[in-house]
Amino acid sequence: LQIVESGGGLVQPGGSLRLSCALSGGTLDRYAIGWFRQAPGKEREGILCANSNDGSTKSTDSVKGRFTIARNRAKNTVYLQMNSLKHEDTAVYYCAAGPDENECLIGPGVPLVRYDYWGKGTQVTVSL
């Protein structure tokens with residue numbers, strides 16, 4: 001399975017951006033998808049995930065109410081819609097795929113190795 005993220009760039013505070021996560025070599029329906037980010041000097045953190053079997057999603061407090069995740073099965077692609085962006089959202093954003101179980105897991109305490117396949121990331125910079 002290969003994963004490619006795209007859509008990153010420079011955006012002003014309060015603005016919006018949509019990232020894409022395109023899968024190839026496998027079917028999106030088989031995987032839970034997680035979005036992660038890593039700011040300079042910080043550890044990589046999980047922020048949202050989506051299950052395939054029931055479409056349920058989870059998000060961490062840092063992005064809840066601002067970021068949403070959506071799937072397009074026809075395109076084998078997952079999207080991360082980011083609204084009301086803040087300076088502290090500046091990071092490299094990664095998409096990853098893991099086993100599709102009863103619920104997706106993301107956030108503090110969830111090991112990154114739970115997700116088996118990773119993209120190379122896309123840079124998001126929030127600045128004036």
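Q: How much space lies in the largest cavity?
A: In this predicted model, local features need pLDDT of at least 70 and side-chain atom pairs count only at pLDDT 80 or more, while totals for chains, interfaces and linings use all residues. Residues are numbered from 1 along each chain as its sequence is written. A cavity is a set of points on a 1 Å grid over the protein atoms alone where a 1.4 Å probe fits but cannot get out, and its volume is the space filled by probe spheres set on the points, which are joined across faces, edges and corners. For the largest cavity this space is about 30 Å³.

Q: Of the residues lining the largest cavity, how many are nonpolar?
A: Lining residues have an atom within 4 Å of a point, and here they include Ala32, Gly98, Pro99 and Tyr115. Ala, Val, Leu, Ile, Met, Phe, Trp, Tyr, Cys and Pro count as nonpolar, Asp, Glu, Lys and Arg as charged, and the others, Gly among them, as polar. The lining has three charged residues and one polar residue, and the nonpolar ones number five.

Q: What is the volume of the largest pocket?
A: A pocket is an open set of points with protein on both sides within 12 Å along at least five of seven lines. The largest pocket is lined by 14 residues, and Arg44, Glu45, Gly46, Gly107 and Pro108 lie nearest its centre. Its volume is about 160 Å³.

Q: How many residues of strand E9 are buried?
A: Buried means under 20% relative accessible area, exposed over 50%, and partly exposed in between, with a 1.4 Å probe and protein chains only. Strands are DSSP runs of E with at least two residues, numbered from the N terminus. Strand E9 covers residues 91-99 and is mostly covered, with buried residues numbering seven of its nine.

Q: Which residue in E10 is the bridge partner of alanine 96?
A: E9 pairs with strand E10 (residues 117-118) in the antiparallel sense over two bridges. In E10, the partner of alanine 96 is tryptophan 118.

Conventions
Heavy atoms only, no water. Helix = DSSP H or I, 4+ residues; strand = E, 2+ residues; numbered from the N terminus. Pairing = 2+ DSSP bridges.
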